[in-house]
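Student: I'd like to learn how to read a few features from a structure. Could we go through them together?

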Amino acid sequence: MQVIYGIENYKKVDAPCYLALGNFDGVHQGHQQLIKSMVKKARENQGFAAAFMFDPHPSRILNPKNHALMLINNESKNRLMAELDMDAVIYEPFTLEIARWSPERFVQDILVERFQVKEVYIGFNHSFGHKGQGKPETLSELGRQYGFDVSVIPPVIIEEQVVSSSCVRKALGKGNIPRAKHMLGYYPFVEGEVVHGDKRGGDKLGFPTANINIGTDCAFPGKGVYAAKTLINGQLHDSVVNIGVVPTFKQAGVISIESHILDFEQEIYGEPIRIYFIEKIRDEKKFNGIDELVAQISQDVESGRQIASQALVEPV
């Protein structure tokens with residue numbers, strides 16, 4: 001699969017272009033249905049299946065102080081897209097100038113002139129153009145005008161809830177990992193580099209942890225202790241993960257994500273890891289002292305070991 005940054009680097013192919021529009025954050029079950037439908041149609045017609053996305057997410061430019069946190073980064077999105085048999089994903093920088101484009105200009109400049117699309121696939125709630133003025137019916141009308149087809153994919157509903165990236169974020173924030181997994185179609189994860197912490201876990205408590213730096217734009221589960229699996233150098237390891245400010249030792253502070261990797265003693269500072277969350281064990285709480293905390297961590301480890309050992313996690 002081609003990964004193209006900048007539409008000017010897209011080279012027209014000698015095949016009809018089938019194009020998916022959206023941000024596809026998380027590549028959840030709704031996104032997967034849209035992409036599978038498009039890829040199927042493209043293959044039936046010897047076409048080229050691609051996705052076009054603005055990067056960064058428009059909310060980061062239009063609402064920088066309160067923008068949406070991303071479920072996955074572009075590299076993970078690319079992996080998931082490739083697994084769905086896409087031919088290409090194209091990222092275009094989003095700017096305030098583009099934000100002022102009318103829906104018709106977007107269609108003319110991007111869909112018609114650049115891609116010469118045969119058919120465009122969008123979700124039922126897709127919007128585009130200045131202040132989101134363009135809706136699915138707008139694109140369908142413009143498609144009739146400019147000579148391309150538009151397929152509007154209906155929502156995927158799980159547990160009486162329309163699947164969306166925002167709903168996945170809400171489930172994660174509440175620590176409802178099973179619900180997030182059902183909507184995503186895979187166990188939710190975070191990934192980043194192992195960084196040095198304050199060494200409290202190993203030196204004071206006897207439970208060394210890998211502290212992970214996921215950046216400031218990534219969504220992650222709410223505060224608490226989780227059963228998980230940590231991917232290191234292609235291998236999954238059962239883990240217990242704490243997310244929080246460590247209230248026993250701190251009054252307040254930056255939220256940290258610390259993975260206690262069971263039966264693991266390798267040095268991994270600076271290494272990239274990925275943590276797959278399986279189930280929440282308990283909420284974060286403050287303990288009266290180290291002995292009480294250590295006793296609780298021991299219980300968490302046993303609970304986490306049992307849960308993680310029974311979970312079948314397929315890395316994505």
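Student: In which helix is the place of Ala 82?

Tutor: Helices are DSSP runs of H or I with at least four residues, strands are E runs of at least two, and both are numbered from the N terminus. Ala 82 belongs to helix 3, residues 74-83. This is a predicted model, where local features need pLDDT of at least 70, side-chain atom pairs count only at pLDDT 80 or more, and totals for chains, interfaces and linings use all residues. Residues are numbered from 1 along each chain as its sequence is written, and side-chain values use heavy atoms, with hydrogens and water left out.

Student: Is Ala 82 buried, exposed or partly exposed?

Tutor: Buried means under 20% relative accessible area, exposed over 50%, and partly exposed in between (1.4 Å probe, protein chains only). Ala 82 has 39% relative accessibility, so it counts as partly exposed.

Student: How many aromatic pairs does the structure hold?

Tutor: A pair of aromatic rings is described by the distance of the centres and the angle of the planes. Rings of Phe, Tyr and Trp (its six-membered ring) pair if their centres lie within 6.5 Å; planes under 30 degrees apart are stacked, over 60 edge-to-face, the rest tilted. There are 12 such pairs here. One of them, Tyr 10 with Phe 48, is tilted, at 6.4 Å centre to centre and 50° between the planes.

Student: Why does the pair of Tyr 10 and Phe 48 tie together parts that are apart in sequence?

Tutor: Because Tyr 10 lies in the loop between strand 1 (2-5) and strand 2 (17-21), while Phe 48 is in strand 3 (residues 48-55), the parts tied together are 38 residues apart in sequence.
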